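Please open the model in your viewer and keep the sequence panel beside it. The stops below go from one selection to the next.

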Amino acid sequence: MAIDPGVRRIVVGVDGSAESVAALRWACREASLRAAEVHAVLALESTCHQVASYAVPTPRQSSGSWGAAREVLRRSVSEAASLYPGVRVRTEITEGLAARVLLDHAREADMLVLGRTAHGPDPYRGAGPVIRVCLRAAPCPVVIIGPVAAASHDEHVPESWQRTQAYLTAAR
């Protein structure tokens, strides 16, 4: 894949969850503000990554999982990118462990954006293992978008900043 060195890149981890779609929306909005492109990445873990390292993995049906992954990525991108039609969104499905795949793509990125899912009754619990690894090892800034239950499309911009942005836009 040829990478244009003059283009800013925002890499987003997508898994089809509402939080990953929110992260993709956030990245598209940020890309529209920074004249950047979005690279939506879905990591497809093979069954050999889902068992103990000493176990012999069973053969898997790859066509079904790849087809499902393509559909998840297509739906996620179409939902998020429709809000920002001027933003270029590239998609990629890569086989491997999610953290490793995201870190590999983050090497050429200006920013890595991930959605954090809240499991169970405590929405403030710590981040999962993929987020922790990316926060620790990413070569670029990492943005974590929290659970979407109370979030809006502009959740990352404080209300006072929105007023300032509106004022600056009107002053132009």
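This is a predicted model: local features need pLDDT of at least 70, side-chain atom pairs count only at pLDDT 80 or more; totals for chains, interfaces and linings use all residues.

Residues are numbered from 1 along each chain as its sequence is written, and side-chain values use heavy atoms, with hydrogens and water left out.

Begin by selecting helix 3, residues 98-106; helices (H or I, at least four residues) and strands (E, at least two) are DSSP runs numbered from the N terminus. Seven of the nine residues of helix 3 are buried, where buried means under 20% relative accessible area, exposed over 50% and partly exposed in between, with a 1.4 Å probe and protein chains only. Colour the buried ones, which are Ala 98, Ala 99, Val 101, Leu 102, Leu 103, His 105 and Ala 106. Their cover includes strand 1, strand 2, strand 3 (89-95), strand 4 and helix 4.

The contact (heavy atoms within 4.5 Å) joins Ala 98, Ala 99, Leu 102 and Leu 103 of helix 3 to Val 130, Val 133, Cys 134 and Ala 137 of helix 4.

Now show the lining of the largest pocket, where Asp 15, Ala 98, Leu 102, Gly 115 and Val 130 lie nearest the centre among 21 lining residues. A pocket, on a 1 Å grid over the protein atoms alone, is an open set of points where a 1.4 Å probe fits, with protein on both sides within 12 Å along at least five of seven lines, and lining residues have an atom within 4 Å of a point. Strand 2 (36-44), helix 3, strand 4 (111-115) and helix 4 each give two or more residues to this lining.

Move on to Gly 16, in the loop between strand 1 (8-13) and helix 1 (18-34). Gly 16 counts as partly exposed because its relative accessibility is 41%. Leaving aside residues up to four places away in sequence, Gly 16 touches Val 72 and Ser 76.

Finish at Ala 35, in the loop between helix 1 and strand 2. Ala 35 has a positive phi of about 55° although it is not a glycine, and with 66% relative accessibility it counts as exposed.

Methods
Axes are lines fitted to C-alpha atoms, for helices over the stretch in contact, and angles run from 0 to 180 degrees between N-to-C directions.
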